[in-house]
Amino acid sequence: MSYKNIFDAHAHYDDSWFDEDRDELLVSLPEKGVCGVVNNAVDLKTAAKAIEFAEKYGYFYAAVGYHPENIIGIPDDYLEKIAELTKHPKVVAIGETGLDYHWDTPKDLQKRVFEEQIKLSLDLKMPLVVHDREAHGDTFDFLRKFKPNALVHCFSGSVELMREAVKLGCYVSLGGVVTFKNARHSIDVASEIPIDKLLLETDAPYMAPVPFRGKRNDSSKIIFAAEKIATLRGLGVQELLDITAENAKRFYNIND
Ligand code: NI
């Protein structure tokens, strides 16, 4: 079965896992039905890479920002640098940023850098891509306080938390996790989320769906999550891909 209109709302093609065949792969994705990819930076170096790929590939876009795992030793002028990068026509969002309490990066520093990037997204009126890992309480305190135009990526919360995210105006993206056997939360969220608030993502090269779990992920493999979610929703797979691609373009303000 071949599909079109696959929009991957969140990926990391700068990752070294793609070093040996990145160009070959990125050239091949549109042939596999991929119509859009937003490469999310985790620091300034990966932001530059994301922009480089976006200049090379028409369907490719960049989000620029600092991931909470990459903020030890963050440059003092990082916000100015990110703001400067957002002037590029293919930069569509600030991100990914957020809170990650799985690792032991100091929470105070994480919160400061998250808050600064939220405020930058509000100042620049740009979408914000939020990473929330084992930090729902604090992440949602920030979302409630500042109400950014945000995508909570790889959403791992409950249905109740999803409802609150939607109430705050956020979008939610889901990926390979919905194909995992133990993914009760993701499956419930996929079943219940208002369909106009759902985006699909890979988080490639990570989070590969069953039957590729543990292997390298790429945007064409989104169809395994799409098939699962379409079944849960009683939609056709192509119909779901069409809707979620529209949602992604609306969220990222992509008009082509
Ligand atoms: Ni990511």
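Biologist: Is Lys-87 buried or exposed in this predicted model?

Modeller: Lys-87 lies in the loop between helix H3 (78-85) and strand E4, where helices (H or I, at least four residues) and strands (E, at least two) are DSSP runs numbered from the N terminus. A residue is called buried under 20% relative accessible area, exposed over 50% and partly exposed in between, with a 1.4 Å probe and protein chains only. Because the relative accessibility of Lys-87 is 63%, this residue counts as exposed.

Biologist: At what pLDDT do side-chain atom pairs count?

Modeller: Residues are numbered from 1 along each chain as its sequence is written, and side-chain values use heavy atoms, with hydrogens and water left out. The model is predicted, and whereas totals for chains, interfaces and linings use all residues and local features need pLDDT of at least 70, side-chain atom pairs count only at pLDDT 80 or more.

Biologist: What distance separates the C-alpha atoms of Lys-87 and Leu-124?

Modeller: Lys-87 belongs to the loop between H3 and E4. Along the chain, Lys-87 and Leu-124 are 37 residues apart, while the separation of their C-alpha atoms is 9.9 Å.

Biologist: How many strands does the protein have, and what radius of gyration goes with its fold?

Modeller: The protein contains nine helices and eight strands. The globule rule, 2.2 Å times the number of residues to the power 0.38, is compared with a radius of gyration taken over C-alpha atoms. For 256 residues that rule gives 18 Å, and the protein is as compact as a globular protein of that length because its own radius of gyration is close to this, at 17 Å.

Biologist: What percentage of contacts with a separation of 6 or more joins residues 24 or more positions apart?

Modeller: Contact here means heavy atoms within 4.5 Å. Among the contacts in the protein with a separation of 6 or more, residues 24 or more positions apart account for 71%.

Biologist: Which residue is joined to Ala-204 by a cis peptide bond?

Modeller: Most peptide bonds are trans. The bond in question has an omega of about 10°, and its second residue is placed in the loop between strand E8 (198-200) and helix H8 (222-233). The residue joined to Ala-204 is Pro-205.

Biologist: What phi does Lys-125 have?

Modeller: Most residues other than glycine have a negative phi. Lys-125 lies in the loop between helix H4 (107-124) and strand E5 (128-133) and counts as exposed, at 72% relative accessibility. Although Lys-125 is not a glycine, its phi is positive, at about 55°.

Biologist: Where is Glu-134 placed?

Modeller: Glu-134, which is not a glycine, has a positive phi of about 55°. Its relative accessibility is 51%, so Glu-134 counts as exposed. The place of Glu-134 is in the loop between E5 and helix H5 (136-146).

Biologist: Which residues are in contact with Gly-175, its neighbours within four places in sequence left aside?

Modeller: Gly-175 is found in the loop between strand E7 (171-174) and helix H7 (184-192), and at 9% relative accessibility Gly-175 counts as buried. Apart from neighbours within four places in sequence, Gly-175 is in contact with Glu-201 and Ala-225.

Biologist: Which cysteine has the sulfur nearest to that of Cys-170?

Modeller: A disulfide is counted when a pair of cysteine sulfur atoms lies within 2.5 Å, and by this rule the count comes to zero. Cys-170 is in no disulfide, and the nearest cysteine sulfur is 16 Å away, that of Cys-154.

Biologist: How far apart are the centres of the positive and negative side chains?

Modeller: Lys and Arg count as positive and Asp and Glu as negative, whereas His and the chain ends are not counted. Each charge is placed at NZ of Lys, CZ of Arg, CG of Asp or CD of Glu. The protein has 31 positive and 41 negative side chains, and the distance between the centres of the two sets is 4 Å.
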